[in-house]
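Here are my notes on the aromatic contacts. Have the model open while you read.

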Amino acid sequence: MSKFIFTSESVSEGHPDKVCDAISDAILDSFLDQDPESHVACETLVTTGTVIVSGEIRSNATVDVEKVVRETLGEIGYTDKAYGMDNKNVKILLMLDEQSPEIAQGVDEGSGLHNEQGAGDQGLMFGFACNETKELMPIPIHLAHRLVERMTALRKEGTISWLRPDSKSQVSVAYENGKPSSITKVVIATQHDDMLNKFESEKAEHDFVESEIIEKVIIPILNESGLPYETDFIVNGTGRFVFGGPEADTGLTGRKIIVDTYGGYAPHGGGAFSGKDPSKVDRSAAYMARYIAKNIVAANIADKCEVQLSYSIGVAEPTSFYVKSFNTSDLSDEELTEVAKKVFPVRPGGIINHLKLKFPRYKKTAANGHFGREDELFTWEKTDMVEKLKSMTIKGA
């Protein structure tokens, strides 16, 4: 019998890196809202009292970027320096330039060496799906996301009013013969108000925070998982977490790419998503790879599926494409790949059109994962190709 424990983590929307992802994607959405043909590659850095936005943009839209930054910080909850940043008084530095003309001619249809829209950069992308959850995601990252998502919801609705925006989760799951069998450890680190005026010591304050998080956050999420779990939870392992957010830790766009995808359970090509318009295959092709893998698993063709795509800048046709089932399908990997090639568009223009990626929806992806989210805006999570896949046979393919 094969046994192992696998761990994934997530971070909340108030984590400094996720703040940067949200700002970058909010800016992207603002440009796409006015001009769907906008090309945006936007990076954000947050640190003590300061937000720096840089990158390259080509668009006919006119966007008040500073206003977008302040509104995004406010929506997250950074409205007081004591929480980690004050959106009204933060210093904002903008360093946005025009997109390189050489890149532009590679992604514009009818320009450059090839007439068809090419990839916005070279790179490799992975997609993955498995039947461990109804969302067809690995269960460790799924649970890690749901924990920070619940903390954010309870904070914003006032159920746990002393929570602050910055938090992290970590979930360890035991596997037997490739199947999840139990949850062995849950770790939560969450920022909270200074409550020493209510408690006689830091230990008493910590005991209160720990008890509330276990009762109102951890147990409800684990009970929904259907797996048995050990109750030796770790909450704020240092003892106290009051000083947090960008005041305590510098954040950068694209520094939580494993959180964004599969929690380390599946490969990641290395490219970040946030702040990039869909001409950047780092984002759009990773979404298509997930879409392919999810539809294959949803069609019961495989229990587990991995997809890789790769591209050259300015060229539409992928430089490589494979589908792998880890021996969980009656079809060989070569047969699966050939079927997928017939069913799914994998050139940048086809991906963008099929998944309708030129319209605002990206800010919502910045926290709680880009995958495993059942929302109309997350078009790459739809399983609308299941019947077509089922109707394909190797002979027909």
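How many aromatic pairs does a search of the whole structure find? The search gives 16. Rings of Phe, Tyr and Trp (its six-membered ring) pair if their centres lie within 6.5 Å; planes under 30 degrees apart are stacked, over 60 edge-to-face, and the rest tilted.

1. Ground rules. This is a predicted model, where local features need pLDDT of at least 70, side-chain atom pairs count only at pLDDT 80 or more, and totals for chains, interfaces and linings use all residues. Numbering starts from 1 along each chain as its sequence is written, and side-chain values use heavy atoms, leaving out hydrogens and water.

2. Tyr175 and Tyr265. Ring centres are 6.0 Å apart and the planes sit at 45°, so this pair is tilted. Tyr175 is in strand E8 (163-176) and Tyr265 is in the loop between helices H6 (257-260) and H7 (281-298), so the contact ties together parts 90 residues apart in sequence. Helices (H or I, at least four residues) and strands (E, at least two) are DSSP runs, numbered from the N terminus.

3. Tyr287 and Trp380. With centres 3.8 Å apart and planes at 20°, the pair counts as stacked. Tyr287 belongs to helix H7 and Trp380 to the loop between helix H9 (348-355) and helix H10 (386-391), 93 residues apart.

4. The cluster. One aromatic cluster includes Tyr175, Tyr265, Tyr287 and Trp380, with Phe4 and Phe326 also among its members.

5. Charge over a ring (NZ of Lys or CZ of Arg within 6 Å of the ring centre and within 35 degrees of the ring normal). Lys304 lies over the face of Phe326, 5.5 Å from the ring centre. Arg361 does likewise with Tyr362, at 5.9 Å.
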